[in-house]
Amino acid sequence: MKYLRLMMSLVGLSMVLGSCNDTCPSLNCDTGGEEISVIKPVEYDDPSKSEALYHGEDVLVSQVATSQDGDTYIEYNGAPFIYNGIQIRTDAFMNTDKWSIDEIEILFQTAKECGFDLVQIPLEWADIEIAKDVYDFYYLFKILEYARKYDLRMELLWFGTNMCGDTHSYTVPDYILKDGKTYPKFDAPRTGEFWSYYGLMWYLDFDDPDLLMREGLAIEKCLDFIYEYDSTHGGHKSVIGMQIHNEPDCFPRWRIFTANKEVKDPLTGQTFTKEDAFKNVLNALDYLGKVVKNHPYKIITRVNFATMTRGDQDGESSGIYLSNGNLATIRDFVKDTFALEGIDIIGDDCYDAVINDVKGIQLMLKEQLAGNYPHIAENDGNYANTPSLLLTSQVVKAGYIVYELATSIFFKANNASDIDQGIYSVNADKTLTGKAHQANITKMLKAIKACKNPLVLAKQGNVLGFNLMSTNPQNNFAQTINSENASITFTTSTGALGYVCDYDNSLYAYFLGDCSLDISNVTVSAISVGDYSGEEFISTTTLNATSNINITANQLYKIDYRDVKSPLISNALEAIGG
């Protein structure tokens, strides 16, 4: 299926039905009859299928929730959820590196071994609707199997008509691209260009009613399959969300301004304005998002922006901070997208290793969009300070998605710039090797998961991140940070990076290096070491109660306190810089 599309793009769409490749299980060729090809779904066995648990009723998988202090978070299966994920470009490995659907299993296995519980997986429309009204769910079946096998949760990235502002022949079914009368394309000179990543390039009219009906129907069919799979495989609830399109703001922000604004409306022939283009994109996002939200399999919907604070091709931008240090005002298109009924949350693909920038972007998404769950939707996995960026997100009460697990060998070989963005490298034998910073990412993920409920539910200002003042942790460093109740002086000579979470009359402390904590403004009444399981801390070791604590790396401490002497003003956010 993937290999077939690569070949078809090279010879032109007019040859689609006359092409055949024996590596494609969905295509049977008959050169001797009138019908050149018959496209059929893959047949497969499902031995683990069991009796259905659902019978048409709504199944609430995930939603945006609000804590008693007003902070938003993601609730999964009725419980707080740590929203730290990693994107796996299965489409790249299968389309360009020619991995089989069985060979991509190692990507899921590696993500779990690295410490991720959430993965973002592309779902291309063309992989699902292989011909008009012919649906093939084998790819979806396999990634659901992998998620269940490795106890992962997935967000599906809907790669449909608007993929980074363009339409691609690898992503959209051939019958859509061939029928320009029913599914009109924008009048644009780039039409028909070949991009080795994604095939032939087009600009479909994203909010055309006929097109939206077909694209929405494909999404609905996918959700039907997920509902049925989940119902007959133990209710694992593997899919927790769907991203609608990918960086859809690229079209109005960059595409219509290339070659002197050459993109024109297919019906009127008028050149698109930026406002027209945004309206077109927003209508499509809302329609498709509502398809997801109206389905009985209830999951969150989201949109990712392409570096929302940076300049557009016409020069318009917001930046992150003003000259006085205050946050810039978030862009109108961000507000308009969040206001859509079909979209729950929005995030930014910032590609920025500066800790203060990441903090600022997350605060913009949090403070200026009431009810949004702020998150970094993509950030380069090659950044050595990814552990610090993950910790920053916990302090801000935001999510963080790494792009990516590993970069396709083809992508690296066919790009003019450095595009190796994985935290793993891919070897010639299709194994993966962690980069130098991968081990510390794994340690930080473990540290965060060790204290899930307090970190998610604690009030902003009561999660304190230490050693975040510079891009990378400083080896010899001391600082004092206040929560609303406790003042904590941290000292390290080992470059320790970690947190203290003030929640429900306890301080939870976890550091990746040895350090010491000096606690004041409260009376420490008990100290123990253990693990936080569900809603309960399980103690394994009890220590003497003291306000001066020597912390051993990679352990969760629970420090109970009483007698708060006076309310404090938290400086948790001010303690993040670099």
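1. Lysine 397 is found in the loop between helix 12 (386-396) and strand 20. The model is a predicted one, and in it phi of lysine 397 is near 70°, a positive value in a residue that is not a glycine. Lysine 397 is buried, its relative accessible area being 6%.

2. Aspartate 151 also calls for a check of the backbone. Its phi is positive, about 55°, although the residue is not a glycine. Aspartate 151 sits in the loop between helix 5 and strand 11 (153-163). Is aspartate 151 buried or partly exposed? With 40% relative accessibility, aspartate 151 counts as partly exposed.

3. The bond from tyrosine 403 to glutamate 404 is cis, with omega near 15°. Glutamate 404 belongs to the loop between strand 20 (399-403) and helix 13 (409-413).

4. Aromatic pairs come next, and the structure holds 32 of them. One of these joins tyrosine 44 and phenylalanine 141, which are stacked at 4.4 Å centre to centre with 25° between the planes. Tyrosine 44 lies in the loop between strand 2 (37-39) and strand 3 (59-60), and phenylalanine 141 in helix 5 (residues 138-149), so this pair ties together parts that are 97 residues apart in sequence. Phenylalanine 141 is buried at a relative accessible area of 4%, whereas tyrosine 44 is partly exposed at 29%.

5. A further aromatic pair is formed by phenylalanine 466 and phenylalanine 511; this one is tilted, with 5.8 Å centre to centre and 50° between the planes. Because phenylalanine 466 lies in strand 23 (residues 463-466) and phenylalanine 511 in strand 27 (residues 506-511), the pair ties together parts that are 45 residues apart in sequence. Phenylalanine 466 counts as buried, at 0% relative accessibility. Phenylalanine 511 is buried as well, with a relative accessible area of 0%.

6. Which residues form one aromatic cluster? The members are Phe186, Tyr203, Phe206, Phe251 and Phe272. As for charge and ring, lysine 185 lies over the face of tryptophan 202, at 4.9 Å from the ring centre.

7. Helix packing can be described for helix 5 and helix 7 (residues 209-231), whose axes come within 11 Å and cross at roughly 40°. That angle makes helix 5 oblique to helix 7. The crossing of the two helices is right-handed. On the side of helix 5, the contact is made by Leu140, Phe141, Leu144, Glu145 and Arg148; on the side of helix 7, by Cys222, Phe225, Ile226 and Tyr229.

8. Threonine 307 is found in the loop between strand 17 (300-306) and helix 10 (332-338). At 14% relative accessibility, threonine 307 counts as buried. Which residues does threonine 307 touch, not counting those up to four places away in sequence? They are Arg253, Trp254, Asp348, Asp349 and Cys350.

9. Alanine 126 is found in helix 4 (residues 125-128). Alanine 126 is buried, with a relative accessible area of 7%. Alanine 126 and serine 493 are 367 residues apart in sequence, and their C-alpha atoms are 54 Å apart in space.

How values were computed:
Residues are numbered from 1 along each chain as its sequence is written. This is a predicted model: local features need pLDDT of at least 70, side-chain atom pairs count only at pLDDT 80 or more; totals for chains, interfaces and linings use all residues. Side-chain values use heavy atoms; hydrogens and water are left out. Rings of Phe, Tyr and Trp (its six-membered ring) pair if their centres lie within 6.5 Å; planes under 30 degrees apart count as stacked, over 60 as edge-to-face and the rest as tilted. Helices (H or I, at least four residues) and strands (E, at least two) are DSSP runs, numbered from the N terminus. Buried means under 20% relative accessible area, exposed over 50%, partly exposed in between (1.4 Å probe, protein chains only). A charge sits over a ring if NZ of Lys or CZ of Arg is within 6 Å of the ring centre and within 35 degrees of the ring normal. Axes are lines fitted to C-alpha atoms, for helices over the stretch in contact, and angles run from 0 to 180 degrees between N-to-C directions. Angles under 35 degrees count as roughly parallel, over 145 as roughly antiparallel, 65 to 115 as roughly perpendicular and the rest as oblique. A crossing is left-handed if the near helix is turned anticlockwise from the far one by less than a right angle, and right-handed if clockwise. Contact means heavy atoms within 4.5 Å.
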